[in-house]
Amino acid sequence: MKIGIVLYPTFGGSGVVATELGKALADLGHEIHFVTYNQPVRLGSFTKNLFYHEVNVSDYPLFDYPPYETVLASKLVDVVKFEKLDLLHVHYAIPHASAAYMAQQILADQGIIIPFITTLHGTDITLVGRDPSFAPAITFAINKSDAVTAVSESLKADTYEHFDVHREIEVIPNFICPEHYQLKAEKDFRLEYAPNGERIITHISNFRPVKRVEDVVRIFQKILEEIPSKLILVGDGPERYRVEQLCRKLGTCKHTSIIGKLKKPEEVLAISDLFLLPSESESFGLAALEAMASGVPVISTNTGGVPELNTHGYSGYLSNVGDVDDMATNAIKILSDDATLQQFRDNARSRASEFSIDRILPMYIDLYNRVLARK
Ligand code: GMT
């Protein structure tokens, strides 16, 4: 198949999943064309079947708001036509689904049929998409997609609840490539962060309010009262300043490293003992899956799609949003002795293996075949 994949090229989970999906399809011999405004961060080295088409929006003084969606639609028309694509798969509805619909209509006018599949990832529905000003366009684009997938049952339910969508939504969960998460903990690297054998606790996110990174700091402070430990914060975003302020206020700074954005979070996960994800809302929690695949148990909230991934008392624990005490108590339960920690580590890895790309990729391929059969 020749497939165009539209995605956000940044560190966000939707872009990571779309990139890994494209790479895996290319490995199987499909021809993959990524269409976006920057080289996707997880692309790595190119292989024969991978192509990247950059969307460039011109900087004309009239444009207070650069018309990205229009330029993307035009780019899609061009790529579909000249690369002779069979289908488009857009990740994150806004504005990718409506741009794909526009491209589809332009091409139909020229006698070219191109189906498009929309994968909903989370904030396109739960935060941004629920903004009433987006609702008509997003509802329309979802309803007009040739197929729609969501990354969890919870996100599927949210979509039906908040949008006037009546069409079928298939759940295809996020996935990881297990071999990326088999790194051995580098002793020296671990010693740099935990010179006296402290436990290493990690959080990775885009530091947006929805991630409740301040709760991470509060949980860590409580763990620190009981267990010698260090906190590594990976990522960056609008909450970083508040997080730094809170570390200073609580006196946890000398045990905390805020290391910013990382292209290979698996390197930090390889030296981690516990992962914290206290999000307000989370359609899936790809960062938690990456941690589990690295053998790192997860302390999370029980929000959105996270309970479909993290199993309470097995791969980690789940608590109500904001219940810092409960999350700290559960973290201490896991970290207090080596045997318990090892059991949770093994369980986390085993649970993550259920989301291995080998299991999930065939679901996408089957969907592509079904959509193309209807073409
Ligand atoms: O986590 C984010 O805010 C970024 C966002 C994205 O679209 O990249 O993540 C969403 O999609 C991920 C991949 O499907 C999911 O694992 C995240 O749970 C979801 N984020 C939220 O729902 C907040």
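Author: Happy to! Let us begin with the overall layout. In this predicted model, the chain is divided into two parts: domain 1, made of 2-175 + 356-373, and domain 2, made of 178-353. Taken over C-alpha atoms, the centres of domain 1 and domain 2 are 30 Å apart. Where the two domains touch, domain 1 contributes 18 residues and domain 2 contributes 14 residues. On the domain 1 side of this contact, helix H1 (13-27) and helix H6 (153-162) each provide at least two residues. That side of domain 1 consists of 8 nonpolar, 9 polar and 1 charged residues.

Now for the part you asked about. The shell around the ligand takes at least three residues from domain 1 and at least three from domain 2. There are 21 residues around the ligand, and those that come nearest are Gly-12, Gly-13, Ser-14, Gly-122 and Leu-286.

Helix H1 and helix H4 (123-126) each supply at least two of its residues. H1 gives the most, with 4 residues. Keep an eye on H1 as you turn the model: this helix supplies residues to the shell around the ligand, and H1 also supplies residues to the side of domain 1 that touches domain 2.

Sorted by class, the shell around the ligand holds 13 polar, 6 nonpolar and 2 charged residues.

Definitions and conventions: Residues numbered from 1 in each chain as written. Predicted model: local features only at pLDDT ≥ 70, side-chain atom pairs only at ≥ 80, totals over all residues. Near = placed C-beta within 6 Å. Nonpolar A, V, L, I, M, F, W, Y, C, P; charged D, E, K, R; others polar. Domains from an automatic or database assignment. Contact = placed C-beta atoms within 7 Å.
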